Amino acid sequence: MTDVTTLGEFIIEKQMDFPGSSGEFSRLLSAIRLASKIVSQQVNKAGLLSNILGAAGSDNIQGEAQQKLDVFANDQFIKALTARKVICGIASEENDEYISINEEGSYIVAMDPLDGSSNIDVNVSIGTIFSIYKRISPVGTPVTEADFLQKGTEQVAAGYVIYGSSTMLVYTTGNGVNGFTYDPGLGVFILSHPDMTVPSVGKIYSMNEGNFYKSSEGIQNFIKYAQEVDPGSNRPYTARYIGSLVADFHRNLIKGGVYLYPVTSTSPNGKLRLLYECNPMAMIIEQAGGKASDGQTRIMEIDPKSLHQRVAFFAGTSHMVNKIEELIAAE
Ligand code: P6P
């Protein structure tokens, strides 16, 4: 076991690439590491006597019934981030407004503490998604909404934790993507997937095809394209949809493919949230050599207008995102 790199060692090694750095960012990542371990422990025994299954009896801003694990995960990440005093504010899917933390903190975090939580009770993989920015308002003043409404291109880091057959933490700070697998016996994340890159040729598409007739002509044409028999272009593609963004995204990152959540007649702005789902996943997929757009615009170039703003989201192997954009443009 001595030839492995733990996440803690990796964070310190990367900090040493920036001589004179304050270590604040490393402490931030360590807070995320700690909260991920705590949430992983609860997720992995959710079916047992911990009585943490089921709805918490409250709704979030999306009007979605909060699951107890949602609330637990939200609390754990907020506590861990607050304790490190480097955060001035947090925006969370589970909180209507942003949370002011420490005026002396230099960073803000936008997060979905437990994405895909409707899958908790059926033992399907779920995940945490996080996005980190430097604040733009002066240190020593209260955090402002403008600190959160920065373009995705301004992210200093982004990542996700997938609570699946194993727990993995995957993140980027703008110099490639690295994946760490949690060893609960040792209580450490171990570098298992160094320098992750999405395959340049993909044949998996991930969409809720129940939305087919609620989607635009361009999206319908992409689904038909995906199903056509053409061995020369690896078609028909393979349909894989778990209904948990982190799980679908993670599989496509490793195997190649594209995730689609288009605007529909019932979700005219799309379903996924720009700040704490699409932007962090867009940073990861671009750092892994892929692409993320809303069908016309690069996700990370979209100017955010509100904390819980929704956008259409297409992310994965570049040629597949390009095909979706081409068919939308031809509508
Ligand atoms: P649908 C979960 O609620 C989520 O935000 C993503 O994790 C997932 O990909 C998507 O929504 C599932 O949405 O409409 O297909 O159930």
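This is a predicted model: local features need pLDDT of at least 70, side-chain atom pairs count only at pLDDT 80 or more; totals for chains, interfaces and linings use all residues.
Residues are numbered from 1 along each chain as its sequence is written, and side-chain values use heavy atoms, with hydrogens and water left out. Local features need pLDDT of at least 70 and side-chain atom pairs count only at pLDDT 80 or more, while totals for chains, interfaces and linings use all residues.

**Ligand site**

- The residues around the ligand are D115, G116, N208, Y241, G243, S244, L245, Y259, Y261, K271, L272 and E277; a residue is near a molecule if one of its heavy atoms lies within 4 Å of it.
- By class, this shell has five nonpolar, four polar and three charged residues. Ala, Val, Leu, Ile, Met, Phe, Trp, Tyr, Cys and Pro count as nonpolar, Asp, Glu, Lys and Arg as charged, and the others, Gly among them, as polar.
- The side chain of Y241 places an N or O atom 2.6 Å from an oxygen atom of the ligand.
- For L245, a backbone N or O atom is 2.7 Å from an oxygen atom of the ligand.
- The side chain of K271 has an N or O atom 3.0 Å from an oxygen atom of the ligand.
- Of the 400 Å² of accessible area that the ligand has on its own, the protein covers 82% (Shrake-Rupley method, 1.4 Å probe).

**Helix α6**

- Helix α6 spans residues 245-255, and nine of its 11 residues are buried. Buried means under 20% relative accessible area, exposed over 50%, and partly exposed in between (1.4 Å probe, protein chains only).
- Helices are DSSP runs of H or I with at least four residues, strands are runs of E with at least two, and both are numbered from the N terminus.
- The buried residues of α6 include L245, which is also one of the residues around the ligand.
- G256 follows α6 and has a positive phi, near 95°.

**Largest pocket**

- The largest pocket has a volume of about 460 Å³. A pocket is an open set of points on a 1 Å grid over the protein atoms alone, where a 1.4 Å probe fits, with protein on both sides within 12 Å along at least five of seven lines. Grid points are joined across faces, edges and corners, and the volume is the space filled by probe spheres set on the points.
- Its lining has 21 residues, and K14, Q15, F18, F25 and T173 lie nearest the centre; lining residues have an atom within 4 Å of a point.
- Two or more lining residues come from each of α1 (7-15), α2 (24-43) and β8 (167-172).
- The lining divides into eight nonpolar, 10 polar and three charged residues.

**Backbone geometry**

- Most residues other than glycine have a negative phi, and most peptide bonds are trans.
- N123, in the loop between β5 (107-115) and β6 (126-134), has a positive phi of about 60° although it is not a glycine. N123 is exposed because its relative accessible area is 75%.
- D195, in the loop between β10 (188-193) and β11 (204-206), is not a glycine but has a positive phi of about 50°. D195 has a relative accessible area of 53%, so it is exposed.
- R235 and P236 are joined by a cis peptide bond, with omega about 5°. P236 is in the loop between α5 (217-227) and β12 (238-239).

**Other residues**

- N74 is in helix α3 (residues 68-83) and counts as buried because its relative accessibility is 5%.
- The side chains of N74 and S92 make a polar contact at 2.7 Å. Within protein, a polar contact is a pair of N or O atoms within 3.5 Å, one able to donate a hydrogen and the other to accept it; residues adjacent in sequence count only if both atoms are side-chain atoms.
- S165, in the loop between β7 (157-163) and β8, counts as exposed because its relative accessibility is 86%.
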